[in-house]
Amino acid sequence: MKYTGSIIKLISLCVVIISLAGYNVIAQGRAEEVEQAKQAAAARAAERAAALEAERQKQGQTEEPEAEPGKYKDGVYEGIGEGFGGDIKVSVTVNGGKITAIDVLAHDDEDDTYYELAEELLDDIISENDPQVDIVSGATFSSEGLIEAVGNALKGAENNG
Amino acid sequence: MADKKKKLKYKKITEVIIRVIFFIAMPAAFASGFVGVKLIFNAVGQGKPIDPDKLLVLIGLLAFTIVFGRFFCGFVCAFGSLGDFIYFLSGLIQKKIFKRKKQITIPQKASVLLQKLKYVILALIALLCFCGVYSKLTGWNPWDVFSRIMVFKAPADGYILGIIILVLIIIGMAFKKRFFCQFLCPMGALFALMPVLPFTALHRDESSCIKGCKACRMNCPVDIKLGEDILRDGECIACEKCMGVCPKSNISRPEQKLVRNDIIILVIKSVLFFVMGCLLGLCRFF
């Protein structure tokens, strides 16, 4: 047969594509379930906190519980890190002692594919309130640049006692 | 005969211009495409869904290969161009300084065996990604070092292993045509597994071959046995070196029935790839 090799390759390619698509449907469903469970847990925790607060007020304990000092001073800070092809400039907003937003001001020399991959870790930094997060594999330089930039920005925000 | 030589010369010049443009404009295309493969195995290993938006470069490269063969390997890839340039340079040095008439190279039988190595590398990287250990193994990837050099930056700290591997690969490139492409490239392994549409593959009209002529085989950089009517071998990098060297012009593409001049076809494919590359964000300028 003239085309046996090509046909085998074509069939295996189709099998791979179909199984990846199938996998993605299942994985997406599972990710949504996890997300829903997380939200439900957060809602329950908030409810409990509210109930506790109400009880405390009933007992006449009016004084506010002392707010724990945050890791960082509030404000907007800028920092620069070295990425794949040049400097990455970010602006970090700290509110209530926590990192609430990170805006990338400049990433001119990054390779778009890598940069877009690395961007994900900004969410991790915000949720962990710490710039020392895992780098995104396959986008080492852009990741390191972003982490360095955020770290440099936060140097000016550190609460030293 | 003189006409044919002239045409070959023009084709060579066109090829060099195209490859220089791609080398400058899209030096990281091969690595960007391969990121998609790592991403898939990373995601599956962690049980997370795959974000299809991040696979666009990979899908684009594979789709182009299915339609036009490994045109990417033959003309676009910066690592391939680097390899050809180093081999050319090495040949020049061996000829001028060491007065060798024939360039030292690896025998065909050994290289056909070594070609299987790239599948092992592909499988190994996939496995490492699947187990989630790949991202911790920084510092070895010669592509990273190369792409840093391409943007005129010194390699990052801790990339000593990567630099050593890159130097070894460059030494290999001096003694074998397409050393990296055919023996080591995991992206090349993936391309070789893609089916290629039959109407863009090279065809060979064996019936009018000169008896005992092995010009096409001798000139194939990836040592393909050109013993069949249609070249369906995944190793073929669509470089068209066999087309030019055939004394009877027996090797052709079916598409040449539509456009007789193969230089025009080459330019059309290059423009098509360039536009696709720009849309995928591979180009450094657009």
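The model is predicted: local features need pLDDT of at least 70, side-chain atom pairs count only at pLDDT 80 or more, and totals for chains, interfaces and linings use all residues. Residues are numbered from 1 along each chain as its sequence is written, chains are lettered from A and ligands numbered from 1 in the order in which they are written, and side-chain values use heavy atoms, with hydrogens and water left out.

Chain A holds four helices and three strands. Helices (H or I, at least four residues) and strands (E, at least two) are DSSP runs, numbered from the N terminus. Along the sequence, the pattern of chain A is α-β-β-β-α-α-α. Chain A has 161 residues, and 32% of them count as buried. Buried means under 20% relative accessible area, exposed over 50%, and partly exposed in between (1.4 Å probe, protein chains only).

The three strands of chain A form an open, antiparallel sheet in the order E1-E2-E3. Strands E1 (75-82) and E3 (98-106) of chain A stand at the edges; each has a single partner strand, so one side of each has no neighbour in the sheet. From one strand to the next, the twist averages 25°. Axes here are lines fitted to C-alpha atoms, for helices over the stretch in contact, and angles run from 0 to 180 degrees between N-to-C directions.

Strand E2 (residues 87-95) of chain A pairs with E3(A) in the antiparallel sense over seven bridges. Two strands pair if DSSP finds at least two bridges between them. Val92(A) stands opposite Ile102(A) in E3(A). Thr93(A) stands opposite Ala101(A) in E3(A). E2(A) and E3(A) form a hairpin with two residues between them. In the turn, Gly96(A) has a positive phi of about 65°.

On chain B, a nonpolar surface patch of about 710 Å² is made by Ile104(B), Ile160(B), Ile163(B), Ile164(B), Val167(B), Leu168(B), Ile171(B) and Phe175(B). Like charges are joined within 9 Å, and nonpolar side chains (Val, Leu, Ile, Met, Phe, Trp, Tyr) within 5 Å. Accessible areas come from the Shrake-Rupley method with a 1.4 Å probe; for residues, only the protein chains shown count as cover. Ile164(B) lies in helix H9 (residues 160-175) of chain B. Ile164(B) counts as partly exposed because its relative accessibility is 44%.

Note on methods:
Patch = residues over 30% accessible without salt bridge, like charges linked within 9 Å, V, L, I, M, F, W, Y side chains within 5 Å. Salt bridge = Lys/Arg side-chain N within 4 Å of Asp/Glu carboxyl O.
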